[in-house]
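I opened the notebook to look up pockets and an annotated site. My notes follow the model.

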Amino acid sequence: MRLVASGLQFPEGPIAMRDGSVLLVEIRRGTLTRVSPDGEVSVVAELGGGPNGAAVGPDGAIYVCNNGGFEWHDHEGLTLPGKQPDDYIGGRIQRVVLDADGGATVADLYTEVDGRPLRGPNDIVFDVHGGFWFTDLGKTRDRDSDTGAVYYASADGSSITEVVHPLVQPNGIGLSPDGSRLYVAETGPGRVWYWDVEGPGELKFSDDPLAPGGATLLHGFSGYQQLDSLAVDGEGNVCVATLGTGAISVLSPDGELLRQVPVSEPDPLVTNICFVGSDSRTAYITSSGRGRLYATEWSGPGLDLAWTA
């Protein structure tokens, strides 16, 4: 592991850019932030709330899942997110247009689905058709919490559909290299599920009455291993950030746990991984509890996402 940047305020949603920099969100800071190849950190846009997952869309804009914010706690050198805060502003999908001079324009693209407010949008992935899938993990309060869901939406703001409900804290989301499978990780239960994709916003549901949302189980983690974001590598492996363990767990398309890759300094809140592309073995990993971004050489090639900038 090579330390790229430190002092970040709960970084997530890394995007490897063509110029060698990494865009990511700082959830506690409420920003979209750029980390240059030499580790310099600069704010690109003030987003407010709790910007979480991020991805490049077909128009080159950055699309951000904003979870509305958390209560925050500091404990033994770690930053820990908590419950829904008193100043919770609601969940939303934001569109960030980057200006040539380094500035940005931010707009809310979606705040509700069929009259139901978004609660805690978390992670996002675009398909080759220009639409995007995203998870809504929900929010936790003193005595209750929201059920989660998976949505599909158009990048131009014209349509959004609830595709899977309910799920328990759906977090990471990704597509197989050929786009034929959609993977979703549930945080608390520590499970990775998948569906076959039949078209833009269309999934094939299993007949298993016990599987949530008609899913098929890829892998269930044992013990105190909760899950965060995920990315798929060039070999089709599902690389899911594993909380508690503080590592990236690598699952084969058949669901076998191939290995777990920890960061250099132990952090139970390793949250995200992204790849530079199919011509590179470089991966970036966010160590959110310690506010760090790492780079590492992966054991196989990365994967070209549907859209890059």
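How many nonpolar, polar and charged residues are in the lining of the largest pocket? I counted by class and got 29 nonpolar, 11 polar and seven charged. I note that this is a predicted model.

Entry on the largest pocket. I looked up its volume, which is about 930 Å³. The lining holds 47 residues, and V125, F126, D304, L305 and A306 are the closest to the centre of this pocket. I then checked the strands: several of them each supply at least two lining residues, among them β2 (11-16), β14 (121-126) and β27 (270-275).

Entry on the second largest pocket. I found about 580 Å³ of space in this one. Its lining has 29 residues, with P81, Q169, T187, Q226 and L243 nearest the centre. By class I noted 10 nonpolar, 15 polar and four charged residues. Strand β23 gives the largest share of this lining, three residues.

Entry on the annotated site. I searched UniProt, where an unreviewed entry lists N171 and D228 under "binding site".

I looked at each residue in turn. N171 sits in strand β18 and counts as buried at 3% relative accessibility.

Technical notes. Residues are numbered from 1 along each chain as its sequence is written. This is a predicted model: local features need pLDDT of at least 70, side-chain atom pairs count only at pLDDT 80 or more; totals for chains, interfaces and linings use all residues. Side-chain values use heavy atoms; hydrogens and water are left out. On a 1 Å grid over the protein atoms alone, a cavity is a set of points where a 1.4 Å probe fits but cannot get out, and a pocket is an open set with protein on both sides within 12 Å along at least five of seven lines; lining residues have an atom within 4 Å of a point. Grid points are joined across faces, edges and corners, and a volume is the space filled by probe spheres set on the points. Helices (H or I, at least four residues) and strands (E, at least two) are DSSP runs, numbered from the N terminus. Ala, Val, Leu, Ile, Met, Phe, Trp, Tyr, Cys and Pro count as nonpolar, Asp, Glu, Lys and Arg as charged, and the others, Gly among them, as polar. UniProt positions are given in the numbering used here, feature names are shortened, and annotations may be inferred rather than shown by experiment. Buried means under 20% relative accessible area, exposed over 50%, partly exposed in between (1.4 Å probe, protein chains only).
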